[in-house]
Amino acid sequence: MTGLWTLFYKELLRFWKVSLQTILSPLVSTLLYLLIFSHVLEAHVQVYPGVGYTAFLIPGLVMMAMLQNAFANSSSSLIQSKMNGNIVFLLLPPLAYWEFFTAYVAAAVVRGMVVGLGVGLVSMWFTALPLAHPLWTVLFALAGCVMLGAVGIITALWAGSYDQMAAVQNFLIMPLTFLSGVFYSINSLPPFWQALSRYNPVFYLIDGFRYGFFGVSDVSPLLGLSIVGTCCLALSLTTLALLKSGYKLRN
Amino acid sequence: MIPAIEIRQVHKRFGSLHALRGVDLTVEQGEFFALLGPNGAGKTTLINILAGLARVTQGHCAVLGYDVVTDYRNARRVLGVVPQELVYDAFFTVREMLRFQSGYFGLKNNDAWIDELLHNLGLTDKADIYTRLLSGGMKRRVLVAQALVHKPPVIVLDEPTAGVDVELRQNLWEFIRRLNRDGHTIVLTTHYLEEAEALCSRVAMLKQGQVIALDTTRNLLSAHATTQVRVRLNPDRLPDALQPLLAGEEAGWFSLVLSDCAALEGVLATLREANVAVADLEVSKPDLEEVFLRIMGKSA
């Protein structure tokens, strides 16, 4: 297990050493969303009865920040190692593929959680949030970070250039996280978009996470957790299979 | 005794490129072994297969008896590889890199050996500097230190002295020689053939994915031993009887190629009979570079 712990620690240290870019920067940009949207919409929109728009928005933004940063952590670390060639330092030692997976995903979870917690704490200045079901909150947060940490590894394994990496981030991850009910309830959408949103796993992450705070959600949290859990498992198994096969790592 | 490295009928294909074509090679424990060949011969591919960086298409490889595919964790534990590419992780200092590499090999408290490595490779004063800030030669030393951090019994160095200054090259070889004397098996690829000649007891030559020569350095040198003699004569003419030995003539010097040193006696006798005096004479033995070029040329 020393190998796993070392790789996990190295991954933590990697993002900690550039924390201005990896923690502070996403924290500030997420808070800017909060500042602008809550200022513009607080007086006009109420999604759930008795819940102000700012309060509604905060869990969505926290989850979005967690997901984007969990993805960014595993993907950027791995693609940089691949492009710079220093991935060889991980391929030469007797690290097992599951240790590789666990260390990268765990570090992605930590970064996602640190940024999410940071956004959550600072947003307390804006409005007080209830915490109806803390366990659900933690469960959905964990599942989201694991899921996007795994997607980050898959993407970095597949990508042959920084450009391909950025394409996945900008054309897949960003739309999936933005169009998932961060800023609105899907019940307010026309039927077509509402139906389409239900195919987006990120929607269930945000809806379930929000349920942890308000005890209210668009779909049953149990259904949400089942879908999210299945996605998590499928993505983790896919990542493990790719790592075991040496996909684009070992010729 | 279990061989340090055993390579059996290894084939490697990259699409239509047949990079290795049935390589057979055994390196015994404690050997200092050279793997030579022109660019694209398959040396690095072979090393990558041993290290698990590339998958074999056919055949099998083992390090100290551990199969590099089915028993990869043990195989990697006993192998240290200095890669050819000058790679580094920009985020970390030299000491951090060495500690991480120790941890990946399952070693927790390895600072004493890390300090010794830093000292032996002249890196002590660079220990807390980011690797990205080091010169090329220093980065190469860090790569060597990383490969040795788990004290592997088998060490593979893929062109470790490429782009390295003379002083470091000497220091590095002194250190590697010591490791070899302590029982470590060393496999080396290099473009500096005089290094292989000075250091290695056995040599394999690879060309287009095949081993075309495999023998002790001494045997290879003596098997291709031709003695070259350069003479200046008075009068300045070579007797007809010696013309078949003439390899070239330049500025009054005749270059003759003899099968061995003993043939020199016959040359001198012929000159005496022809009343030609020797004004000056130089005798030279072939080096590994000539043998290498000759073998590569023959197999063309």
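**Close-up views of a predicted two-chain model**

**View 1. Where chain A meets chain B.** In this predicted model, 22 residues of chain A are in contact with 23 residues of chain B. On the side of chain A that touches chain B, α1 (2-17) and α4 (88-91) of chain A each supply at least two residues. Start your tour at α1(A), which gives the most to this side, with 8 residues. Sorted by class, the side of chain A that touches chain B has 10 nonpolar, 8 polar and 4 charged residues.

**View 2. The open sheet of chain B.** Here 6 strands of chain B line up in the order β6-β7-β8-β3-β9-β10, with mixed pairing. Look to the edges for β6 (79-82) and β10 (210-216) of chain B: each has a single partner strand, so one side of each is left without a neighbour in the sheet. From one strand to the next, the twist averages 15°.

**View 3. Strands β9 and β10 of chain B.** Now zoom in on β9 (residues 202-207) of chain B, which runs antiparallel to β10(B) and is joined to it by 6 bridges. For one pair to find by eye, take B:Arg202, whose bridge partner in β10(B) is B:Thr216. As a reminder, strands of a sheet pair through backbone hydrogen bonds, either parallel or antiparallel.

**View 4. A helix packed on the sheet.** Helix α5 (residues 136-148) of chain B packs on the sheet, where it touches β6 and β7 (154-158) of chain B. Follow the direction of α5(B) against that of β6(B), and you will find that the two make about 170°. Strand β6(B) is also one of the edge strands shown in View 2.

Methods. Residues numbered from 1 in each chain as written. Chains lettered and ligands numbered in written order. Predicted model: local features only at pLDDT ≥ 70, side-chain atom pairs only at ≥ 80, totals over all residues. Contact = placed C-beta atoms within 7 Å. Helix = DSSP H or I, 4+ residues; strand = E, 2+ residues; numbered from the N terminus. Nonpolar A, V, L, I, M, F, W, Y, C, P; charged D, E, K, R; others polar. Pairing = 2+ DSSP bridges. Axes fitted to C-alpha atoms, helices over the stretch in contact; angles between N-to-C directions.
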